[in-house]
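Open the structure in your viewer and colour it by confidence. The stops below say what to select next and what is there.

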Amino acid sequence: NRGLGSACGDVCHLADDVLPPPGRVLVGEAMALKVYERYLAREIYAATALVLAAFLALFAFFDLLQEFGDLGKGSYQLPHAIAYVTLTLPGRVYELFPVAVLIGSLYAMTLLARHSEITVLRASGLSTSALLLTLGRLGAVFVVLTFVVGEFVAPPAERAAQQLRLKATSSVVGQEFRSGLWIKDEFSFVNVRDVLPDTTLRSVRIYEFDRQYRLRSISEARAGLYLPPDRWRLTDVVQTSFEGERASVSRLPAAEWRSALNPDILSVLMVVPERMSTLNLYLYIRHLADNQQKTQRYEIALWKKLIYPLAALVMMALALPFAYMHDRMGAVSVKVFAGVMLGVTFHMLNGLFSSLGVINSWMPLYAAITPSALFLL
């Protein structure tokens with residue numbers, strides 16, 4: 001401590017814990033790890049929470065402004081818009097967590113370097129590899145939080161948000177019944193058992209009525225595929241027509257059905273692949289494989305779900321070099337700005353490589369892991 005002199009100031013007390021006197025070396029070594037790890041954890045967790053809260057407030061504000069255009073539709077009012085934006089926040093948390101970890105860790109490490117606390121730790125015998133391992137242990141908390149939010153919180157919250165919005169805007173789409181999805185389309189009522197993530201319909205029933213609301217026909221189809229701009233191709237169709245007291249049944253391998261129903265209406269009731277749970281993604285991939293359909297987009301999303309939480313560790317490792325920049329005059333804002341740019345670049349590359357993987361038929365694992373691997377290098 002005397003060797004460090006007055007430059008250390010009050011932070012020299014930290015060196016006492018990291019490098020204890022010879023008389024209590026064994027106890028000190030056991031306690032030193034806990035002391036400086038707790039200190040780093042407190043600084044990094046607090047900074048990350050602050051950055052994440054700021055990002056969420058910013059995104060929530062712009063999301064709320066976007067909802068103002070729909071106020072007044074049906075019973076959709078300001079409280080509904082606020083509730084809708086609030087329910088979409090878990091999805092935002094999942095997307096922004098790695099970026100918040102990067103900026104929060106970078107800010108905390110920069111402040112520690114500015115106050116010479118990193119110098120004290122290094123002078124006390126803390127190596128770069130030991131500090132990196134410490135950051136890894138602290139980052140494990142972020143990994144678990146990211147996985148839990150993305151797997152168990154964001155998907156149901158996203159569905160609840162969309163259902164709240166549909167109900168408040170008096171939409172004709174409902175999904176509260178055991179029989180599936182019901183839609184009113186002019187003089188027809190449509191029942192869809194399943195809507196797949198690619199907006200393909202399964203087990204479709206169409207009840208067509210005349211203007212006096214007398215049942216004219218019942219059409220049942222195994223599947224429905226959308227044909228822009230306003231048609232659906234139904235396969236394996238069985239149509240029962242009613243004329244007075246008579247009924248006739250016809251079977252068609254395929255038929256076209258004109259309807260105002262479109263994938264945009266259906267998509268609001270579903271979670272995009274990146275926000276689906278791992279289990280749902282896995283089950284849908286198996287369904288596509290059993291039907292000999294392409295699975296690459298969903299396999300990439302599945303691997304991203306498994307790898308994305310680990311991006312928090314990469315972001316913390318990326319913040320470590322900033323701790324060794326001995327700029328006692330500050331320049332914290334410049335380093336934080338650099339962290340923001342790195343975080344935005346990572347977010348953009350993450351989406352870019354997913355699209356490139358689908359276009360170029362890359363291996364799903366490589367497409368999902370490449371952005372994190374590049375930043376780790």
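pLDDT is the predictor's confidence in each residue, on a scale from 0 to 100. This is a predicted model, and the mean pLDDT of the protein is 81. Of its residues, 83% reach 70 or more.

Select residues 12–18, helix H1: among the elements of the protein, H1 has the lowest mean pLDDT, 48. Then select residues 231–243, strand S6, which has the highest, 92. Where pLDDT is low, the predicted coordinates should not be read in detail.

Next, select residues 78–114, helix H3, and find Thr 110 in it. Is Thr 110 buried or exposed? Its relative accessibility is 1%, so Thr 110 counts as buried. Show the backbone oxygen of Leu 106 as well: a polar atom of the Thr 110 side chain lies 2.7 Å from that oxygen.

Move on to residues 364–376, helix H11. Its 13 residues should span 18 Å at 1.5 Å a residue, and the end C-alpha atoms are 19 Å apart, which agrees. Look along H11 for a kink of about 45° at Thr 370, shortly before the proline Pro 371. Buried residues in H11 include Pro 364, Ala 367 and Phe 375.

Finish in H11 at Ser 372. With a relative accessible area of 8%, Ser 372 is buried, because the cut-off for buried is under 20%. Which residues does Ser 372 touch, not counting those up to four places away in sequence? They are Ile 307, Ala 311, Val 314 and Phe 346.

Note on methods: Residues numbered from 1 in each chain as written. Predicted model: local features only at pLDDT ≥ 70, side-chain atom pairs only at ≥ 80, totals over all residues. Heavy atoms only, no water. Helix = DSSP H or I, 4+ residues; strand = E, 2+ residues; numbered from the N terminus. Buried < 20%, exposed > 50% of the residue type's maximum accessible area, 1.4 Å probe, protein only. Contact = heavy atoms within 4.5 Å. Expected span 1.5 Å × (residues − 1). Bend = angle between axes of the 7 residues up to and from the residue. Polar contact = N/O pair within 3.5 Å; in protein donor to acceptor, adjacent residues only side chain to side chain.
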